[in-house]
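The following explanation leads through the architecture of one protein model, from its overall division to a single residue.

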Amino acid sequence: MTLDALDEQIIRVLMADGRASYGAIGAKVSLSAPAVKRRVDRLRARGVVTGFTVRVEPAEIGWSTEAYVELFCNPRTTSEDIARRVQTYPEVVEAFMVTGDADALLHVFAGSMQHFERVLTAISAEPFVARTRSVLVLSPLLRRVQAPRTDEGATG
């Protein structure tokens, strides 16, 4: 599906604030509230916008330990198997199937090293997990919450 410039602007506003009113979005993209609603409804119907959610800053709820965990899975493990199990851990905020040696990559937040160790132990005990490899984040250098425009290339 191709998006026009107004759709992309609306998506950017929604990504920054999923609770923005149609009127507030319209003020930023120069459309009336009803026109914004029609476009958002169309984006939802086409599956471009799949829902609205709350983003929580993990450190603000005491989860300041951040890690990435590579999962090395047993043969015949499906992505559905992994997704079904890892979604039961609230500490896992993102999960990806990846290329390379590992089968999946988990982004994990925990309240302490002990909390992280408990979560890692539980994940490692899942029947499809052969082994894990973890990397702890010392400090984030860059976090983006908005996807780049599709027509913007890398600079360099």
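A residue is called buried when its relative accessible area is under 20%, and exposed when that area is over 50%. The model under discussion is predicted, and this cut-off is applied to it below.

The domain assignment divides the protein chain into domain 1, covering 5-46, and domain 2, covering 58-137. Taken over C-alpha atoms, the centres of domain 1 and domain 2 lie 34 Å apart.

Consider next the sheet. An open sheet is formed by 4 strands in the order β2-β3-β1-β4, with antiparallel pairing. Its edge strands, each pairing on one side only, are β2 (92-97) and β4 (129-136). From one strand to the next, the twist averages 20°. In general, the strands of a sheet pair through backbone hydrogen bonds, in either a parallel or an antiparallel manner. Here β2 pairs with β3 (residues 104-110) in the antiparallel sense over 5 bridges, and Glu94 stands opposite His107 in β3.

Two helices are placed against these strands. Helix α4 (residues 79-86) lies across β1 (65-73), β2 and β3, and runs at about 175° to β2. Helix α5 (residues 113-124) packs on the sheet and touches β1, β2, β3 and β4, its direction making about 155° with that of β4.

With 12 residues, α5 reaches 16 Å from its first C-alpha to its last, close to the 16 Å expected at 1.5 Å a residue. Which residues of α5 are buried? They are His115, Phe116, Val119, Leu120 and Ile123. Viewed down the axis of α5, the buried residues fall within an arc of 130°, so they line one face of the helix.

Is Tyr89 buried or exposed? Its relative accessible area is 12%, so Tyr89 counts as buried under the cut-off of 20%. Apart from neighbours within four places in sequence, Tyr89 is in contact with Ala122, Ile123 and Glu126. The C-alpha atom of Tyr89 is separated by 37 Å from that of Leu6, 83 residues apart along the chain.

How values were computed: Residues are numbered from 1 along each chain as its sequence is written. This is a predicted model: local features need pLDDT of at least 70, side-chain atom pairs count only at pLDDT 80 or more; totals for chains, interfaces and linings use all residues. Side-chain values use heavy atoms; hydrogens and water are left out. Two strands pair if DSSP finds at least two bridges between them. Axes are lines fitted to C-alpha atoms, for helices over the stretch in contact, and angles run from 0 to 180 degrees between N-to-C directions. Contact means heavy atoms within 4.5 Å. The expected span of a helix is 1.5 Å times one less than its number of residues. Buried means under 20% relative accessible area, exposed over 50%, partly exposed in between (1.4 Å probe, protein chains only). The arc is that of the directions from the helix axis to the C-beta atoms. Domain bounds come from an automatic or database domain assignment.
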